[in-house]
Number of protein chains: 2
Amino acid sequence: MEKITPRLPSGMRDFLPEEMLRRQFVIERVARVFEAFGYEPLQTPVLELEETLMGKYGADAEKLIFYAQHPGGKEKLALRYDLTVPLARAFALHEGKLSLPFRRYQIAPVWRAERPQRGRFREFYQCDVDCIGVEGMEADAEVISVAVTALQRLGFSDFAVKVNNRKLLTGIGMYVGLEGEALANLYRSIDKLDKIGADGVRDELLKSGIAAEVVARIMALLGTGEIAERGYVAAAEQLAQLRQTLANVPLALEGLAELERVFAYLEASNIPSSMVAFDPAMVRGLGYYTGPIFEAVLLSADPEERVGSLAGGGRYDDLIGLFRKTSLPTVGVSLGIERLIVLMEKRRMYPEPLQRTVVQVLVSVFNESLRSAALRLASQLRAAELSVEVFAGNAKLGKQLAYADKRGIPLVALLGEDELAAGVVKFKRLRDQHESVCPQTEAAQHAQMLLEGSQV
Amino acid sequence: MEKITPRLPSGMRDFLPEEMLRRQFVIERVARVFEAFGYEPLQTPVLELEETLMGKYGADAEKLIFYAQHPGGKEKLALRYDLTVPLARAFALHEGKLSLPFRRYQIAPVWRAERPQRGRFREFYQCDVDCIGVEGMEADAEVISVAVTALQRLGFSDFAVKVNNRKLLTGIGMYVGLEGEALANLYRSIDKLDKIGADGVRDELLKSGIAAEVVARIMALLGTGEIAERGYVAAAEQLAQLRQTLANVPLALEGLAELERVFAYLEASNIPSSMVAFDPAMVRGLGYYTGPIFEAVLLSADPEERVGSLAGGGRYDDLIGLFRKTSLPTVGVSLGIERLIVLMEKRRMYPEPLQRTVVQVLVSVFNESLRSAALRLASQLRAAELSVEVFAGNAKLGKQLAYADKRGIPLVALLGEDELAAGVVKFKRLRDQHESVCPQTEAAQHAQMLLEGSQV
């Protein structure tokens, strides 16, 4: 066969063991939080029918979809672009076997042919929880609680969740007399508040032909986009003030009442006051949201940590209806797991000492006649749930210790002819060069204690 | 947007929560065994460059590859067909960052456009461990031990690993005077022993033009293909006998010596004698194997359990060389994880009671004014690592109990106005209708005890 140079497709990654261990740490911890809130694992296939994905993401996004086929295949296939449309498709397909409310999580890769650049990949993980079938605001508060708890469990504390409501935004538009395309333009401009600032938004709105007086009223209602005040008290005050201003806009009042309930449920769920904020200027793209929307942002002054939102989501009551006769109320949140992993790396948030290998004990082999004894010892240690590597081949002590050190293996079991004859095992802990000897029968217990840091 | 009927591509599956919980049980258990033997997680992308996969699997297999592209994309991409070629590609690409021996596992889907039929899918999981860089037979024995231990940990005991060696097979060919195409034909015929029996193989060999006397000698050497005798003693006897017969064929002797070492290492690793057998008639397809080969088969009389091998693998010292200047000795084993899952389902090998949901406790809500108290209780239970669902909406007691029962949730926390006023929580365990009351402050501990089965 022809030799070829090993290459990866552009935008694709291999995860080597050290990186995988850290990714698994994040994924397992987050999944545990999802399950603690009653969200169940669901897995959809990587390939979907093209018709399932078409028309769901907008024309620009659709250009990024990867298509798939096999020679002679008749079905038009595509790699999933997100986890939300497949959820809607899967729920509609299997609803006879599922009960409502249906809470599911999925942590899995999606594919987008974005232009490759630093930190942007064409295969990357999404990490979603969604709750189908609950009309009440308890579902919105629940998925926000899930996101906050997951971020806390990963070790983040300097973040806040900005909460808003699409009904309120539309109500504000109605209040100042905007609807249809003008309202969509308003959304688009407000969405840029982070990037172009309040002045930039004001200029855009004026240029789009909205009267100066109307623009001034909008800007007064929206605030600056910076989180001025966090907490339940501040949110209640802001909501009460808007309630007065928008007293004649029923949709706005409905949105405000929903937000009041969301904040009340969050408070009852022990979500810290410092981690929530009402933000009337938050839009979350143009997506499919129909009610409350939310976004967790890092409160960091470090410009290198301007990573966008840590998590985001909202209520989208119409999507499921694309795959069944009537729609169902749905709310979801997505954790930006790839950027969380990068941030945790930068901030050294992984447990120290950083686990570089799954191996806890290296059993040395000094010559081939000692291999059987080494294998027996390894089998004994594994029976006690330890992860054990037996040295392949054989080498002098120094070389085997150097190998363990290079690999990051914490403990080496030395089993030479003397130890074998005496029925003992000698252990060397590399971190502090601590050496000890124990009877072979107690090897597993002894190793366990050494790994826990005891001076046995 | 246009409504469409929810459909899956042919041969693709959704895994609903109940099935996912069982799949995760199997995958986690198996991964834990892999790590216990020092195998590290590696993840390669789903999409590989077409050139990476081409020419590796043979023309028939290649027809089953799925290709992928995005509009305007210049790279020719394909979905991975197995986990072995991507391993070779990834190792060669990153070897500067890896040390030898490199032990890795990967449990991940692959794609093959097989004709869809019952139990055969186009997206299915493979589950591989491979060890790169060890020439000695300790690696071959190690991956066999990994497979045996994984099967044992899943609860299988009625299986055996058949072991053979490609060098021995080639040596037998040389002994009877076959080489090149005639030898390949011999392999192909022997490989059908399971299907067409010894008589069928004899006929095929005679038809292929091999002299009757030679065929008789071959058949005498190969045995019947049934596992006649298991165990280390039987294997040693068979190997010793072949050693005499093949005394003038150096390659065969080399193969026999390797097998003797493999069996010795397996015995030292506490692999039960009843689970190993030497089988000179086992070929394992025509693949890329160069040394010892092995296959775990179920010892079941039930015709519904004729599922093919549970695991299989061998030494393939040439593959890595397709992606780098020189090759490296490599040995691997693949667990047939999809058929293991099916078998475990059929045999009811999952822990009873079968976990149907992640939820351990349902906190009831009798009216909206009680929701805040329910959320507080849920938050308290989750802090103690319990998985808790809060009833969405509100309903009468009977309806909430019926919901928990339907979902398979074991415990319901009842928090009505009376309980709230008295500072207590009432629990109902559905399995035995056991009811108990505890102070709210002790709710987590109390729930834990009820879940463990105590009559508190």
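## Basis of the values

The model is predicted: local features need pLDDT of at least 70, side-chain atom pairs count only at pLDDT 80 or more, and totals for chains, interfaces and linings use all residues. Residues are numbered from 1 along each chain as its sequence is written, chains are lettered from A and ligands numbered from 1 in the order in which they are written, and side-chain values use heavy atoms, with hydrogens and water left out.

## Fold and extent of chain A

There are 16 helices and 16 strands in chain A; these are DSSP runs, with helices being H or I of at least four residues and strands E of at least two, numbered from the N terminus. The C-alpha trace spans about 95 × 60 × 45 Å along its principal axes.

Of the contacts (heavy atoms within 4.5 Å) in chain A with a separation of 6 or more, 69% join residues 24 or more positions apart.

## Surface and charge

Chain A has 456 residues, and 57% of them are buried. Buried means under 20% relative accessible area (1.4 Å probe, protein chains only). The accessible surface of chain A is about 18800 Å² by the Shrake-Rupley method with a 1.4 Å probe, and carbon and sulfur atoms hold 50% of that surface.

Chain A carries 55 positive and 60 negative charges, whose mean positions lie 5 Å apart. Lys and Arg count as positive and Asp and Glu as negative; His and the chain ends are not counted. Each charge is placed at NZ of Lys, CZ of Arg, CG of Asp or CD of Glu.

## Cysteines

The whole structure has 0 disulfides over all chains, a disulfide being a pair of cysteine sulfur atoms within 2.5 Å. For A:Cys127, the closest cysteine sulfur is that of A:Cys131, at 16 Å, which is too far for a bond. A:Cys127 is buried at 0% relative accessible area. B:Cys438 is also buried, at 3%.

Definitions and conventions: Buried < 20%, exposed > 50% of the residue type's maximum accessible area, 1.4 Å probe, protein only.
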